[in-house]
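Take a look at the model below.

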Amino acid sequence: MDSSGYLTSLFSLEGKIAVVTGGTGVLGGAIAAAIARAGATVAVLGRRSERAAEVAAAIADSGGRAVAAPADVLDAVSLGRVRDDLLEGFGHIDILVNAAGGNTPAATVTEPGSFFALAPAAIEDVLQLNLMGTILPCQIFGAALARQGSGVIVNVSSMAARRALSRVAAYGAAKSAVENLTRWLAVELARRYGEGLRVNAIAPGFFVGEQNRALLVQPDGTPTTRGRTILEHTPAARFGRPEDLASTVVWLCGPGAAFVTGVVVPVDGGFDAFSGV
């Protein structure tokens, strides 16, 4: 094998079957498309069935292989149905990327609001979506990986898990729990089911998506006050692009990361490394 072929083999996902939760979102959709371009067949999992079908069709139009997988990450029955359908159709599942998550306005400390005024129900909603919305897919799809003795799980954390970011207490707490879960599962699955099972996470910096667009950029595309503060604390001096995350996920899912497990990879333009001074 020549050098280019060897390099390609390290990142190839040919023949793999992957599930991407939150695949209907901006970042989840980019991850799903990148995994498909690396050779995998991708199940685009999201609550919006029409949007899941659109993302799967776009991947197919670009030469990839994808199927729509409508399901709710907080509904074990719908997740089990997707798992069973994939196992019946393909015989195996090899990759799970947990990209579903996010914050809500009701759980965000506003100006001049107070943490003490946050509704417990709103906090619970964020904890459920981000933590239980990761745990349930790990249980349901991870069980298939464990039976095979091989497979990869990639969770999505956040800079809010690593730094005390203003306004997003519940979201930061939930993502911190996701990082702990990632390390725990990496140890548990490898020791109990074999070294072919790996669990890692990525910790995105600041990316403009559907949920946070108004917080980061104004209608004319210029940064908001909060957006400017973030950019001033990001050495790369820009917001992340979806492909910045997608390439890291492809690496973690592929043979080139065969000895990488239990880690959280920052993809943040240097935000976590910079003190602001």
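How do the residues of the lining of the largest pocket divide into nonpolar, polar and charged? They divide into 23 nonpolar, 18 polar and eight charged. Here Ala, Val, Leu, Ile, Met, Phe, Trp, Tyr, Cys and Pro count as nonpolar, Asp, Glu, Lys and Arg as charged, and the others, Gly among them, as polar.

This is a predicted model: local features need pLDDT of at least 70, side-chain atom pairs count only at pLDDT 80 or more, and totals for chains, interfaces and linings use all residues. Residues are numbered from 1 along each chain as its sequence is written, and side-chain values use heavy atoms, with hydrogens and water left out.

Stay with the pocket. Its volume is about 1300 Å³. A pocket is an open set of points on a 1 Å grid over the protein atoms alone, where a 1.4 Å probe fits, with protein on both sides within 12 Å along at least five of seven lines; lining residues have an atom within 4 Å of a point. The volume is the space filled by probe spheres set on the points. Of the 49 lining residues, Gly 101, Gly 102, Asn 103, Tyr 171 and Gln 211 lie nearest the centre. Helix α2 gives the most to the lining, with four residues. Helices (H or I, at least four residues) and strands (E, at least two) are DSSP runs, numbered from the N terminus.

Helix α2 (residues 26-37) also packs against helix α9 (residues 242-253). Their axes, lines fitted to C-alpha atoms over the stretch in contact, lie 8 Å apart at an angle of about 45°.

Next, compare α4 (residues 76-90) and α5. Their axes come within 9 Å and cross at roughly 25°. That makes α4 roughly parallel to α5. By class, the contact of α4 with α5 has nine nonpolar, one polar and two charged residues.

Last come the backbone spots. Most residues other than glycine have a negative phi, and most peptide bonds are trans. Arg 167 has a positive phi of about 85°. Its place is in the loop between β5 (151-156) and α6. A cis peptide bond joins Glu 111 and Pro 112, with omega about 5°. Pro 112 sits in the loop between β4 (95-98) and α5.

Notes
Axes are lines fitted to C-alpha atoms, for helices over the stretch in contact, and angles run from 0 to 180 degrees between N-to-C directions. Angles under 35 degrees count as roughly parallel, over 145 as roughly antiparallel, 65 to 115 as roughly perpendicular and the rest as oblique.
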